[in-house]
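Please read it alongside the sequence and coordinates shown below.

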Amino acid sequence: MTDDHTAMHSERDFIRQIQQQARRARPDIQLGIGDDAAVLIPADGRHLVAMSDALVEDVHFRRRYVPAEAIGHKALAVNLSDCAAMGATPRFGLVSLALPPDAQFMAEGILAGLLALADQVNVALVGGDTSASRHGLFIDVCLIGDVPPGRAVRRSGARAGDVVFVSGSLGAAAAALQAFERQRPLPDPDARNRLLFPEPRLALGQYLAEQRLATAMLDLSDGLSLDLARLCEASRVGVSLDALALPIATAAYTVADHPEAARQLALDGGEDYELLFTVPPERADTVAALSEAPAVGGVRLTRIGNITQDLELKLCFAGETQPLPIRGYDHFAGPGDITRETADNGV
């Protein structure tokens with residue numbers, strides 16, 4: 001890896017380096033990096049699943065507190081989280097990277113972070129693009145996976161009476177971001193990793209799909225309140241959310257000024273990359289019993305509410321019910337309340 005004061009010699013050298021580090025012999029890759037396009041061999045009898053996510057400097061991260069390796073890791077991780085939400089298995093990745101002159105020294109670190117995670121989940125890097133940039137660092141990953149026919153879990157399958165579950169804990173990444181932005185110490189190192197090096201819940205998503213346990217599912221990227229609204233909108237249902245059941249991360253309480261502020265971080269903070277999913281009521285106990293089991297990756301599973309027939313999103317707290325404010329992050333409106341009609345559909 002180059003040091004912080006050394007730029008890559010040329011784009012050609014960097015591409016050659018990518019080829020050397022990413023090349024692997026696999027029976028499902030007929031032609032990998034080095035030509036105009038990759039030639040891939042899909043697995044017999046499986047459906048392809050494709051997704052893409054971009055990270056933009058000063059929108060998704062700031063270089064002053066995000067190391068190069070974390071940028072590469074997260075660029076792939078956010079796509080893997082989408083893959084997990086479909087119950088799919090990731091196979092191939094393509095990366096496009098644009099670097100301003102003062103960030104060229106980060107290229108090798110970004111690649112190292114991305115490839116380290118790719119190796120963990122057996123994803124082959126098969127192509128992409130590199131470019132100079134005059135407007136900050138930009139990285140986009142396209143991920144291709146597959147799933148057995150009829151097993152992809154969509155957002156639109158929730159039905160009245162279903163139980164709402166969430167994996168892991170909520171608010172740690174938002175707490176870390178708040179601490180970094182305010183240049184305050186972060187006493188919980190796990191919260192730092194939750195923000196910079198998120199762990200996609202692939203094992204959980206695949207298990208729920210294989211066992212046909214989830215009726216609807218998505219990953220939490222823009223905040224529980226907004227992503228839950230998206231699920232309800234796609235399924236044309238409502239929800240009753242239990243505020244006291246939320247698995248709030250310890251870091252949220254540490255950074256927030258009071259318990260209600262910690263709850264808001266869990267509801268609206270975003271970047272948790274946990275899975276939000278619904279389960280038929282007769283199978284809810286089965287799913288609850290899977291909490292922290294090896295089959296689902298050892299992750300905690302928590303019931304947080306119920307799907308309702310009406311279209312209302314309600315938050316229940318200490319015996320009182322109120323409308324659930326939707327305050328997750330919207331890239332065009334920015335942080336703040338948005339209506340269900342303006343919530344996007346996953347782009």
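The model is predicted. Its protein chain comprises ten helices and 13 strands. Of the 347 residues in the chain, 50% are buried. Among contacts in the protein chain with a separation of 6 or more, 82% are between residues 24 or more positions apart.

**The four-stranded sheet**

- Four strands form an open sheet in the order β3-β6-β4-β5, and their pairing is mixed.
- The edges of this sheet are β3 (47-56) and β5 (124-132), each of which pairs on one side only.
- From one strand to the next, the twist averages 15°.
- Strands β3 and β6 (residues 138-147) run antiparallel and are joined by ten bridges.
- Within this pairing, Val49 has Gly145 in β6 as its bridge partner.
- Helix α2 (residues 68-85) packs on the sheet and touches β3, β4 (89-99) and β6. The direction of helix α2 makes about 140° with that of β3.

**Salt bridges of Asp146**

- The whole structure contains 18 salt bridges.
- One of the salt bridges joins Asp146 to Arg46, with the closest N and O atoms 2.7 Å apart.
- This pair links distant parts of the chain, 100 residues apart: Asp146 belongs to strand β6, while Arg46 lies in the loop between β2 (39-40) and β3.
- Asp146 also meets Arg91 in a salt bridge, with an N to O distance of 2.9 Å.
- Because Asp146 lies in strand β6 and Arg91 in strand β4, the second pair ties together parts that are 55 residues apart in sequence.
- Asp146 is buried, at a relative accessible area of 4%.

- Asp227 and Arg230 form a salt bridge in which the closest N and O atoms are 2.8 Å apart.
- Both residues of the Asp227 and Arg230 pair lie in helix α7 (residues 224-235), three residues apart, or about one turn of the helix.
- Asp227 counts as buried at 1% relative accessibility, and Arg230 is buried with a relative accessible area of 5%.

**Asp219, a buried residue without a salt bridge**

- Asp219 is located in strand β8 (residues 216-219).
- Which side chain of opposite charge is nearest to Asp219? Arg155 is the nearest, at 5.7 Å.
- Asp219 is buried yet has no salt bridge. The reason lies in the distance cut-off: a salt bridge requires the nitrogen and the carboxyl oxygen to be within 4 Å, and the nearest side chain of opposite charge is 5.7 Å away.
- The side chain of Asp219 does make a polar contact of 2.8 Å with the side chain of Ser81.
- Apart from residues up to four places away in sequence, Asp219 touches Val78, Ser81, Asp82, Ala85, Asp227, Tyr273, Glu274 and Leu275.
- Asp227, listed among these contacts of Asp219, is the residue that forms a salt bridge with Arg230.

**Two further buried residues in helices**

- Ala176 lies in helix α4 (residues 172-181) and is buried, with a relative accessible area of 0%.
- Beyond its neighbours within four places in sequence, Ala176 is in contact with Leu186, Ala191, Arg192 and Leu195.
- Ala176 and Pro189 are 13 residues apart in sequence, and their C-alpha atoms are 9.0 Å apart in space.
- Gln206 is placed in helix α6 (residues 202-210).
- Is Gln206 buried or exposed? Gln206 is buried, with a relative accessible area of 18%, because the buried class covers values under 20%.
- Residues up to four places away in sequence aside, Gln206 touches Gly87, Ala88, Thr89 and Pro90.

Key
Residues numbered from 1 in each chain as written. Predicted model: local features only at pLDDT ≥ 70, side-chain atom pairs only at ≥ 80, totals over all residues. Heavy atoms only, no water. Helix = DSSP H or I, 4+ residues; strand = E, 2+ residues; numbered from the N terminus. Buried < 20%, exposed > 50% of the residue type's maximum accessible area, 1.4 Å probe, protein only. Lys, Arg positive; Asp, Glu negative; His and termini not counted. Polar contact = N/O pair within 3.5 Å; in protein donor to acceptor, adjacent residues only side chain to side chain. Contact = heavy atoms within 4.5 Å. Pairing = 2+ DSSP bridges. Axes fitted to C-alpha atoms, helices over the stretch in contact; angles between N-to-C directions.
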